[in-house]
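Take a few minutes to walk through this protein chain. Keep the sequence beside the picture as you read.

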Amino acid sequence: MAIHAMVDIEALSATCPVQIGIVFFNTTDYIPIDSYQVTIDPLSCKGGPSTSTILWWFKQSQEARDASFGDNVVKLPLKNALIAVNHSYRDHKSSGMWSHQYDKEVLSRSFTEVGMAPAWGRKQLLDYRTVLSMAQKTATEAYKTCADGLVEHIAVNDCFKQLRVLKAV
């Protein structure tokens with residue numbers, strides 16, 4: 001049984017991630033095994049926020065904003081967050097990392113910024129969006145039916161939704 005990870009990023013810009021969510025699942029039946037989420041202190045990122053992204057965040061739910069920016073959320077420096085993500089990926093012996101292309105780019109820039117390498121290799125990267133485009137009708141229907149109270153734009157919630165869609169496709 002192979003273990004893969006579904007990863008989702010919430011960010012203030014392509015150089016300023018604020019949340020990384022991961023859901024680990026087995027590739028036999030796509031059942032979630034474990035999940036992990038880390039929130040990042042945006043002041044620890046070298047890149048600044050994008051004005052258009054800040055305006056976009058104003059339109060999101062209060063719960064989603066609080067999950068990334070709330071006073072009661074523990075925020076790690078970027079490097080510490082990436083160390084935690086690497087440990088989690090290795091601890092689960094994951095052999096594949098699924099995400100949107102944008103999220104992969106944000107992660108890649110972040111690892112470069114802090115002088116680290118990700119726990120996954122280039123050949124382990126799997127593109128969620130490509131699967132969606134190949135099975136658009138099935139994926140669209142699956143996404144509509146998997147809302148079940150999960151707040152959008154909380155990274156780990158988005159991972160659970162994306163995993164359900166991947167299973168349906």
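In which helix does Phe58 lie? Phe58 belongs to helix α1, which covers residues 51-58. Keep in mind that this is a predicted model. Phe58 counts as exposed, because its relative accessibility is 58% and the cut-off for exposed is over 50%. Together with Ile54 and Leu55, Phe58 makes a nonpolar surface patch of about 300 Å².

Now turn to the aromatic rings. A pair of aromatic rings is described by the distance of the centres and the angle of the planes. A search of the whole structure finds five aromatic pairs. One of them joins Trp57 and Phe69. How much of each partner is covered? Trp57 has a relative accessible area of 3%, so Trp57 is buried. Phe69 is partly exposed, because its relative accessibility is 29%. Another edge-to-face pair is formed by Phe111 and Trp120, at 5.7 Å centre to centre and 85° between the planes. Both Phe111 and Trp120 are buried. Back at Trp57, there is a cluster to find: Trp56, Trp57 and Phe69 form one aromatic cluster.

Next, follow helix α3, residues 78-91. Which residues of α3 are buried? They are Leu78, Ala81, Leu82, Ala84, Val85, Asn86, Ser88 and Tyr89. An α-helix has 3.6 residues a turn, so residues three or four places apart point the same way. The buried residues of α3 pack against strands β1 (3-13), β2 (16-26), β3 (32-39) and β4 (96-99), and against helix α4 (101-114).

Finally, look at the backbone. Most residues other than glycine have a negative phi. Lys93 has a positive phi, near 50°, and is not a glycine. Lys93 follows α3 and is placed in the loop between α3 and β4. Lys93 is exposed, because its relative accessibility is 68%. Tyr30 is also not a glycine, and its phi is positive, about 60°. Where is Tyr30 placed? Tyr30 is in the loop between β2 and β3. With a relative accessible area of 26%, Tyr30 is partly exposed.

Definitions and conventions: Residues are numbered from 1 along each chain as its sequence is written. This is a predicted model: local features need pLDDT of at least 70, side-chain atom pairs count only at pLDDT 80 or more; totals for chains, interfaces and linings use all residues. Side-chain values use heavy atoms; hydrogens and water are left out. Patches are made of residues with over 30% relative accessible area and no salt bridge: like charges are joined within 9 Å, nonpolar side chains (Val, Leu, Ile, Met, Phe, Trp, Tyr) within 5 Å. Accessible areas come from the Shrake-Rupley method with a 1.4 Å probe; for residues, only the protein chains shown count as cover. A salt bridge is a side-chain nitrogen of Lys or Arg within 4 Å of a carboxyl oxygen of Asp or Glu. Helices (H or I, at least four residues) and strands (E, at least two) are DSSP runs, numbered from the N terminus. Buried means under 20% relative accessible area, exposed over 50%, partly exposed in between (1.4 Å probe, protein chains only). Rings of Phe, Tyr and Trp (its six-membered ring) pair if their centres lie within 6.5 Å; planes under 30 degrees apart count as stacked, over 60 as edge-to-face and the rest as tilted. The expected span of a helix is 1.5 Å times one less than its number of residues. Contact means heavy atoms within 4.5 Å.
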